[in-house]
Amino acid sequence: MIPVAIAPVIEHIGDVYAINEVTGKDFVKEPGLHRTMLGDTRNLIIVSLILILGIGGAELTFGSFTIGGIGLATLVGVILNLIIPQKKYK
């Protein structure tokens, strides 16, 4: 079971290094590889709510307009990114 849990971490690290090569920047040093994971509480809250709303099939209705599923999850994710303050890193 442990290799299954480690695989996404290894894949993420590889993705960050690939993005470094494409952009010509070093994201491992700035902002830091440890900040690209879900260690930030803000990001964990947002991702959790997006997954719950997207998979759970929640719907929001205003009169005859209904938004649900992935559309609602996307809208909530954008709104939460605007509302919840982000840490300022030095």
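This is a short tour of a predicted model, one selection at a time.

**Stop 1: helix α3.** Select residues 41–56, which make up α3. How far apart are its end C-alpha atoms? They lie 22 Å apart, and this agrees with the 22 Å that 16 residues should span at 1.5 Å a residue. Now colour Arg42, Ile46 and Leu53, the buried residues of α3. These residues sit on the same side of the helix, because they cover an arc of only 45° around the axis. Then turn to the other side of α3, where Thr41, Ile52, Ile55 and Gly56 are exposed.

Stop 2: Go back to histidine 34, in the loop between α2 (28–32) and α3. Is histidine 34 buried or exposed? Its relative accessible area is 58%, and exposed means over 50%, so histidine 34 counts as exposed. From histidine 34, draw a C-alpha to C-alpha distance to threonine 61: the two are 39 Å apart in space and 27 residues apart in sequence.

Stop 3: Select strand β1 (residues 59–62) and strand β2 (residues 65–68), which pair in the antiparallel sense over 4 bridges. Which residue of β2 is the bridge partner of glutamate 59? The partner is glycine 68. The hairpin has 2 residues between its strands, and glycine 63 takes a positive phi near 65°.

**Stop 4: helix α4.** Select residues 70–83 for helix α4, and find isoleucine 83 in it. Isoleucine 83 is exposed, with a relative accessible area of 58%.

Notes: Residues numbered from 1 in each chain as written. Predicted model: local features only at pLDDT ≥ 70, side-chain atom pairs only at ≥ 80, totals over all residues. Heavy atoms only, no water. Pairing = 2+ DSSP bridges. Buried < 20%, exposed > 50% of the residue type's maximum accessible area, 1.4 Å probe, protein only. Expected span 1.5 Å × (residues − 1). Arc of directions from axis to C-beta.
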